[in-house]
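Subject: Structure for your review

Dear colleague,

Please find below the sequence and structure that I am passing on to you. A summary of the findings follows.

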Amino acid sequence: MRPEDEDRIAAQLARVMAVACVRNTQLEALHAGRTPISRTGDGSDVIVQDAEGNRIPWSEVSRIDDDEMRALMREIVDRLYTFHLRIDDPAFRAEIDRWASMAAKWDAAKPDPVLSAIPGKTPEHG
């Protein structure tokens, strides 16, 4: 397979997995909350005051607690696992193909610098 075909397929698969396994999860409920108005645009002018009167800059506020993070990661792992188990099922593939058309409008995928920095032998293309 040509390297450009491998890249295209990997990018499409990454977007579809993001839709099926990450976006359509509890993450949507966490994202559904109200967003504070920031006149600076970067949140530096937003302060959160907690129940004890502590004033916390928006950039330092945790927006997800440990229980929510744990539940979200469990759901994502379970969805990734199920995705891999069912990828050869024709009915499942039909649904994935429908999601692929939506995800095709997203920004192009690019290599993640953290994962790319992990040492290893890169397979030769061609």
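Predicted model: local features only at pLDDT ≥ 70, side-chain atom pairs only at ≥ 80, totals over all residues.

For α1 (residues 3–23) and α4 (residues 90–103), the axes come within 9 Å and cross at roughly 105 degrees. Angles of 65 to 115 degrees count as roughly perpendicular, and α1 is therefore roughly perpendicular to α4.

**Second largest pocket**

The second largest pocket holds about 180 Å³ of space. Its lining consists of R23, L27, E28, L30, H31, R63 and I64. Helix α2 (residues 27–31) supplies the largest share of that lining, namely four residues. Sorted by class, the lining of this pocket has three nonpolar residues, one polar residue and three charged residues.

**Confidence of the model**

The protein chain has a mean pLDDT of 89, and 96% of its residues reach 70 or more. Among the elements of the chain, helix α3 (residues 66–86) has the highest mean pLDDT, at 95, whereas α2 has the lowest, at 86. Please note, when viewing the pocket, that α2, the element with the lowest mean pLDDT, also provides the largest share of the pocket lining.

Yours sincerely

Key
Residues numbered from 1 in each chain as written. Heavy atoms only, no water. Axes fitted to C-alpha atoms, helices over the stretch in contact; angles between N-to-C directions. Helix = DSSP H or I, 4+ residues; strand = E, 2+ residues; numbered from the N terminus. Parallel < 35°, antiparallel > 145°, perpendicular 65-115°, else oblique. 1 Å grid on protein atoms, 1.4 Å probe; cavity = no way out; pocket = protein on both sides within 12 Å on 5 of 7 lines; lining within 4 Å. Points joined across faces, edges and corners; volume = space filled by probe spheres on them. Nonpolar A, V, L, I, M, F, W, Y, C, P; charged D, E, K, R; others polar. pLDDT = per-residue confidence, 0-100.
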